Amino acid sequence: MISILICTYNHSNFLKNCINSAIGKGEIIVVDDYSSDNTQDVLSEFPTITVIKNNTRKNLLESRKIAFEHSHGDYITFLDDDDFLHNIKESEYDLLQGKIKTNRKSHQDWYDKYLYKGEDFLSNKCHLDYHVWGKVFKRWVLEEVYKEIKMSYVFMGEDSILMENVFNKIKTYKYTDELFYTYHHGSGYSSHRELL
């Protein structure tokens, strides 16, 4: 089974479409990082998903760990709350990355020019992208990573922190041309920080 982990903060206008794209594809876990909009109203429309609401504002890095700790799947994928999930599948590889549809030119350039597409053991990790979305992880990989990674507040770069640790654990990786994910270059989870 694949667990689909969604972390959200004040993105209620995107959230319903996001969740609908994941329905029927696996176990869905949503962590609401103390939203102040009508996120809980949206989530109440989906009685079959697991919802965790943080009792204080945390951050994306920690909220993803909370979602993982409540999941049960042997395979894990992360879905941002303003994006859409297409095909995902289990794999014998420690990390499986699918094709991404994106409206952000820098992402298109990255996937077209720099993504390592080999099927052998990882020999050139710098050619892998540092986004957690659009990938399927074997559960053991994240179990090992979350044992070591320190939870601290970060405003940007959560994906890099997680993926650097993932790259140090995995032995096998595969890229597939199947469309896994649509990335929406919108406001972003981290940009909804509270002013100090």
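Student: Is tyrosine 34 buried, partly exposed or exposed, and what is its relative accessible area?

Tutor: Tyrosine 34 is partly exposed, at a relative accessible area of 42%. Please keep in mind that this is a predicted model, in which local features need pLDDT of at least 70 and side-chain atom pairs count only at pLDDT 80 or more, while totals for chains, interfaces and linings use all residues. Residues are numbered from 1 along each chain as its sequence is written, and side-chain values use heavy atoms, with hydrogens and water left out.

Student: How many helices and strands does the protein chain have?

Tutor: Helices (H or I, at least four residues) and strands (E, at least two) are DSSP runs, numbered from the N terminus. The protein chain has six helices and eight strands. Their order from the N terminus is β-α-β-α-β-α-β-β-β-α-β-α-α-β.

Student: In what order do the strands stand in the sheet?

Tutor: Two strands pair if DSSP finds at least two bridges between them. Here, eight strands form an open sheet with mixed pairing, in the order β3-β2-β1-β4-β7-β6-β8-β5. The edges are β3 (50–53) and β5 (84–85); each has a single partner strand, so one side of each has no neighbour in the sheet.

Student: In which sense does β1 pair with β4, and in which sense does β4 pair with β7?

Tutor: β1 and β4 are parallel, with six bridges, and isoleucine 4 stands opposite threonine 77 of β4. β1 and β2 are likewise paired in the parallel sense over six bridges; there, serine 3 has glutamate 27 of β2 as its bridge partner. By contrast, β4 and strand β7 (residues 135–138) pair in the antiparallel sense over two bridges. Tyrosine 75 has lysine 138 in β7 as its bridge partner.

Student: Which handedness does the unit of β1, helix α1 and β2 have?

Tutor: A crossover is right-handed if, with the strands pointing away from the viewer, the path from the first strand over the helix to the second runs clockwise. β1, helix α1 (residues 12–22) and β2 make a right-handed β-α-β unit.

Student: Which residues of β1 point one way, and which the other?

Tutor: In a regular strand the side chains alternate between the two faces of the sheet. In β1, Ile2, Ile4, Ile6 and Thr8 point one way, Ser3, Leu5 and Cys7 point the other way, and all are buried. Because seven of its seven residues are buried, β1 is largely enclosed by the rest of the structure.

Student: Which strands does α3 touch?

Tutor: Contact means heavy atoms within 4.5 Å. Directions are compared through axes, which are lines fitted to C-alpha atoms, for helices over the stretch in contact; angles run from 0 to 180 degrees between N-to-C directions. α3 packs on the sheet and touches β1, β2, β3 and β4, its direction making about 145° with that of β1. Eight of the 10 residues of α3 are buried, so this helix is largely enclosed by the rest of the structure. Among the buried ones are Leu60, Arg64 and Phe68.

Student: Which residues of the largest nonpolar core touch the most other members?

Tutor: A nonpolar core is a set of buried Ala, Val, Leu, Ile, Met, Phe, Trp, Tyr and Cys residues joined through side-chain atoms within 4.5 Å. The largest has 28 residues, and Phe78, Leu142, Leu162 and Val166 touch the most other members. The largest share of this core, five residues, comes from α3. Apart from it lies another core, of 24 residues, including Leu15 and Ile88.

Student: Which residues does aspartate 80 touch?

Tutor: Leaving out residues up to four places away in sequence, aspartate 80 touches Cys18, Arg64, Trp133 and Tyr181. Aspartate 80 is in strand β4 and counts as buried, at 18% relative accessibility.

Terms used:
Buried < 20%, exposed > 50% of the residue type's maximum accessible area, 1.4 Å probe, protein only.
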